[in-house]
Amino acid sequence: MYCRNCGNEVYEKAVMCVACGTPPKAGDKYCYHCKSETPPNASVCMKCGVSLSHNYHYSTEGEDWLTALLLCFFLGIFGVHRFYTGHTGIGVVQLLTLGGCGIWALIDFILIIVGSYRDANGRLLVRRF
Ligand SMILES: [Zn+2]
Ligand SMILES: [Zn+2]
């Protein structure tokens with residue numbers, strides 16, 4: 001694939017472009033697939049049709065959405081979904097308060113369902129279906 005910032009060819013799993021020093025998928029100037037220039041904020045490459053925003057989500061891949069949802073549903077009052085997504089501190093608090101008497105766990109459950117729940121690194125959960 002190509003660096004989205006400078007168009008340099010980089011490895012598929014590269015975390016940093018050797019040419020410009022930024023994460024390859026952090027840029028918005030070039031298509032990672034065909035290297036053609038893309039307008040900033042373009043969600044689809046006009047030349048080859050690949051989804052740019054979709055791929056960006058994959059590059060910042062978070063935890064599995066369905067796993068977090070099920071953990072929250074069955075074990076939410078123990079904060080297990082919080083541990084799973086890296087919020088260890090909050091997980092401990094939820095464990096001690098039994099998910100804020102279930103209310104906190106319920107709020108998290110809704111956040112996960114509507115897709116606005118983020119893990120400790122600020123990444124959205126990934127839906128793989
Ligand atoms: Zn680059
Ligand atoms: Zn393209």
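**Zinc site and local features of the predicted model**

The donor residues of the zinc ion (ligand 1) follow the sequence spacing C-x2-C-x10-C-x2-C. The structure described here is a predicted model. Within the site, the protein donors are the SG atoms of Cys 3, Cys 6, Cys 17 and Cys 20, which lie 2.2 to 2.3 Å from the zinc ion. The arrangement is tetrahedral because the angles subtended by the four donor atoms, 107 to 115°, fall between the limits of 85 and 135 degrees set for that geometry.

The structure holds zero disulfides.

Thr 38 is located in the segment before helix 1, the helix that comprises residues 52–59. With a relative accessible area of 7%, Thr 38 is buried. The side chain of Thr 38 is joined to that of Arg 4 by a polar contact of 3.3 Å. When neighbours within four places in sequence are left aside, the residues in contact with Thr 38 are Arg 4, Asp 28, Lys 29, Tyr 30, Cys 31 and Leu 52.

Asn 41 adopts a positive phi of about 70° although it is not a glycine. Asn 41, like Thr 38, is placed in the segment before helix 1. Whereas Thr 38 is buried, Asn 41 is exposed, with a relative accessible area of 73%. A positive phi, near 50°, is also found at Leu 98, again a residue other than glycine. Leu 98 belongs to helix 5, which spans residues 98–101. At 44% relative accessibility, Leu 98 counts as partly exposed.

At the level of the whole chain, the assignment gives domain 1, covering residues 1–60, and domain 2, covering residues 65–114. The C-alpha centres of domain 1 and domain 2 are 34 Å apart.

Terms used. Residues are numbered from 1 along each chain as its sequence is written. Chains are lettered from A and ligands numbered from 1 in the order in which they are written. This is a predicted model: local features need pLDDT of at least 70, side-chain atom pairs count only at pLDDT 80 or more; totals for chains, interfaces and linings use all residues. Side-chain values use heavy atoms; hydrogens and water are left out. Donors are N, O and S atoms within 2.8 Å of the metal (3.2 Å for Na, K and Ca); water is not among the atoms, so sites may look incomplete. Four donors count as tetrahedral if all angles lie between 85 and 135 degrees; four count as square planar and six as octahedral if opposite donors are over 155 degrees apart and all others between 65 and 115; anything else is irregular. Helices (H or I, at least four residues) and strands (E, at least two) are DSSP runs, numbered from the N terminus. Buried means under 20% relative accessible area, exposed over 50%, partly exposed in between (1.4 Å probe, protein chains only). A polar contact is a pair of N or O atoms within 3.5 Å; within protein, one must be able to donate a hydrogen and the other to accept it, and residues adjacent in sequence count only if both atoms are side-chain atoms. Contact means heavy atoms within 4.5 Å. A disulfide is a pair of cysteine sulfur atoms within 2.5 Å. Domain bounds come from an automatic or database domain assignment.
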